[in-house]
Amino acid sequence: MGWSIRLFSWGGTAVRMHITFLLLLAWIAAVQWSRGGAQEALSGVLFILVLFGCVLLHEFGHIWAARRYGIRTPDVTLLPIGGVAALERMPEKPSQEIVVALAGPAVNLVIAVVLIAALGLRFDPAQMSLDALQQTFLAQVAIANVVLLVFNLIPAFPMDGGRVLRALLAMRLGYARGTKVAAGIGQILAVGFAFLGFMGNPILVLIAVFIFLAAAGEAGMVEARELTRGHPVTEGMITAFEPLGVTATADDAAALLLRTTQQEFPVLDGAGRLRGVVTRKAIIEALREGSGAKPALEIMEADVPAVPASEDLAAAASLLRRSRAGFVGVVDRSGRLIGYLTPENLSELMMIGASRDKSGTGWLGG
Ligand SMILES: [Zn+2]
């Protein structure tokens, strides 16, 4: 995720903070300052930091539960609307997804129960009013955790409650159909959130947009996986392309950019092996700096994933989603590049696959 600062790393997961999170802190400080001066500003900022500490522990609840099923999480990012843990994948077994989804809210439940017990508060839903916010700092943190718990359990996929719903639906309807139904319900709830948010809570509008897009994105990803699973990557890859040689320059790449419809150019050595990829962005940047004579080797993205021709299309597509260059090479036994996948050709594949699926002729006619 761009525009984020790495704070620290815990158990193999990098904790990042999005720049806009600083804006939230500045906004809270300004609002509180205007109400009660420096003291209020400080306690407002401190409260947000503690609140997001709880959000982070919630995310680590998911992360540690996922690790039990062998799923790693390279990073978790704090946004003004909450935390986003980038799990490599969600477990497809419904029972496992339920455990991973509930592990986050469980953390908030524990924090709330511990604080309430420590403070000797009797839990009373009637206390969750504006009056309660005038209480002590720790009581506020306890109430915030109850709110986090309840909010996350709303069945708006892909929020935690929605994931539980998807898993339950998947048990009856199958994974793809269950996801589609859960995502539809999530989007309807998101529209409701947006409506409530417009009546005075801008953060809720942001959350609604996030849920709406994330639901569509994840439903699409699941559909893509169902369509591509069991097909070799060679069925979907681009095979007609113009490569660049290792002696090519940025000017050569610019000429190819004009002459073809390609937006990325594999750089191949004399034996046809993939050395890297020159993207349209890199070409334009080189030209803008007036360095058209710069070797392609210097402007290319060198760290590009490649898979053997026998690889499953679904696996290659999931690799593509994680690739920074937006490119996955396909190589033969001797390591020569025989084709590649890009996000554009993958989405075309989905359109073709989905249409064929509907007409009943099967994937790519076969
Ligand atoms: Zn969660």
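User: At what angle do α5 and helix α6 pack, and how far apart are their axes?

Analyst: Helix α6 (residues 202-228) packs with α5 at about 165°, and the axes are 8 Å apart. Axes here are lines fitted to C-alpha atoms, for helices over the stretch in contact, with angles running from 0 to 180 degrees between N-to-C directions. Keep in mind that this is a predicted model, where local features need pLDDT of at least 70, side-chain atom pairs count only at pLDDT 80 or more, and totals for chains, interfaces and linings use all residues. Residues are numbered from 1 along each chain as its sequence is written, and side-chain values use heavy atoms, leaving out hydrogens and water.

User: What makes α5 roughly antiparallel to α6?

Analyst: The angle is about 165°. Under 35 degrees counts as roughly parallel, over 145 as roughly antiparallel, 65 to 115 as roughly perpendicular, and the rest as oblique. So α5 is roughly antiparallel to α6.

User: Why is α4 called oblique to α5?

Analyst: The axes of α4 (residues 160-173) and α5 (residues 175-198) come within 7 Å and cross at roughly 140°. That angle makes α4 oblique to α5.

User: Which hand does each crossing have, starting with α4 and α5?

Analyst: α4 and α5 cross right-handed, α5 and α6 left-handed, and α2 passes α3 in a left-handed crossing. Left-handed means the near helix is turned anticlockwise from the far one by less than a right angle, and right-handed means clockwise.

User: What makes I5 partly exposed?

Analyst: I5 lies in strand β1, and its 34% relative accessibility makes I5 partly exposed.

User: Which residues form the nonpolar patch on the surface?

Analyst: W3, I5, L7, F8, W10, I19, L22, L57 and W64, with about 890 Å² of accessible area together. β1 (4-10) and α1 (19-68) each supply at least two of the patch residues.

Methods:
Patch = residues over 30% accessible without salt bridge, like charges linked within 9 Å, V, L, I, M, F, W, Y side chains within 5 Å. Areas by Shrake-Rupley, 256 points an atom, 1.4 Å probe, with all protein chains shown as cover. Salt bridge = Lys/Arg side-chain N within 4 Å of Asp/Glu carboxyl O. Helix = DSSP H or I, 4+ residues; strand = E, 2+ residues; numbered from the N terminus. Buried < 20%, exposed > 50% of the residue type's maximum accessible area, 1.4 Å probe, protein only.
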